[in-house]
Amino acid sequence: MAKSLKCKIKKLKIHRDERGWLVEMVKENEIKTRIKQVYVATIEPGKIRGNHYHLKRREWFFIAKGEVKIFLEDIKTKKRKVLKVSSKTPKLITIFPKIAHAVKNTGKETAILVSAQDTVYDPKNPDTFQYSICK
């Protein structure tokens, strides 16, 4: 983990059999906090989700299908990192507060993003601040 760009990347193991595959995405004993919300989003080829940061929310991203680039930038130090992530080699990406992030589908099929958060989204106080990191 880079000191000035707080993110964590964990390789995940795929368990396969004749039914398909299973990946254990998040375990409370490993993240040391409670998950309060989970969502699933699709990203069409060439499209971007995110381009924002949070002051309080921690998120865990898992690409369940497709190929993406995850763009990260520390809003204070401006240190940047770009991660290539694919469902073929699953990873859990932990994104900490004050790290701007965007996910761009670089593949040819619809990508599926699973995200867990340590806060519940509140539309009256969304804790989401626009920050263009990827075009």
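This is a predicted model: local features need pLDDT of at least 70, side-chain atom pairs count only at pLDDT 80 or more; totals for chains, interfaces and linings use all residues.
Student: What is the phi of asparagine 51 like, and where is the residue found?

Tutor: Its phi is positive, about 60 degrees, although asparagine 51 is not a glycine. The residue is found in strand β5; helices (H or I, at least four residues) and strands (E, at least two) are DSSP runs, numbered from the N terminus.

Student: And what about phi in lysine 32?

Tutor: Phi of lysine 32 is near 60 degrees, again a positive value in a residue other than glycine. Lysine 32 sits in the loop between α1 and β4, and with 70% relative accessibility it counts as exposed.

Student: Changing topic, in what order do the strands of the sheet with β1 in it come?

Tutor: That is an open sheet of five strands in the order β1-β9-β6-β11-β4, with antiparallel pairing; two strands pair if DSSP finds at least two bridges between them. The edge strands are β1 (7-11) and β4 (37-43), each of which pairs on one side only. From one strand to the next the twist averages 20 degrees, with axes taken as lines fitted to C-alpha atoms (for helices over the stretch in contact) and angles running from 0 to 180 degrees between N-to-C directions.

Student: How many bridges join β4 to β11, and how many are there between β6 and β11?

Tutor: β4 and β11 run antiparallel and are joined by seven bridges, with valine 114 in β11 as the bridge partner of valine 40. β6 and β11 also pair in the antiparallel sense, over six bridges, and there phenylalanine 61 stands opposite serine 115 in β11. As for burial, β11 is mostly covered, since six of its seven residues are buried.

Student: How many bridges does β6 have with β9?

Tutor: Three bridges join β6 (residues 59-65) to β9 (residues 91-95), and the two strands run antiparallel. Glutamate 59 stands opposite isoleucine 95 in β9.

Student: What is the strand order in the sheet that holds β8?

Tutor: This open sheet of five strands has the order β8-β7-β10-β5-β12, with antiparallel pairing. β8 (80-86) and β12 (129-130) stand at the edges with a single partner strand each, so one side of each has no neighbour in the sheet. Strand β7 (residues 67-74) pairs with β8 over seven bridges in the antiparallel sense, and isoleucine 70 stands opposite leucine 83 in β8.

Student: Okay, pockets now: how much space lies in the largest pocket, and which residues lie nearest its centre?

Tutor: About 260 Å³ of space lies in the largest pocket, and among its 18 lining residues Tyr39, Gly50, His52, His54 and Glu59 lie nearest the centre. On a 1 Å grid over the protein atoms alone, a pocket is an open set of points where a 1.4 Å probe fits, with protein on both sides within 12 Å along at least five of seven lines, and lining residues have an atom within 4 Å of a point. Grid points are joined across faces, edges and corners, and a volume is the space filled by probe spheres set on the points.

Student: Which strands supply that lining?

Tutor: β4, β5 (48-53), β6, β10 (99-105) and β11 (111-117) each supply at least two residues.

Student: And which residues are closest to the centre of the second largest pocket?

Tutor: The second largest pocket holds about 190 Å³ of space, and of the 13 residues that line it, Lys8, Glu30, Ile31, Trp60 and Thr94 are the closest to its centre. β1, α1 (28-31) and β9 give two or more residues to the lining, with β1 giving the most, three residues.

Student: Last one, how many disulfides are there?

Tutor: The count comes to zero disulfides, a disulfide here being a pair of cysteine sulfur atoms within 2.5 Å. Cysteine 7 is in no disulfide, and the nearest cysteine sulfur, that of cysteine 134, is 16 Å away. Cysteine 7 counts as buried at 2% relative accessibility, and cysteine 134 is buried with a relative accessible area of 6%.

Methods: Residues are numbered from 1 along each chain as its sequence is written. Side-chain values use heavy atoms; hydrogens and water are left out. Buried means under 20% relative accessible area, exposed over 50%, partly exposed in between (1.4 Å probe, protein chains only).
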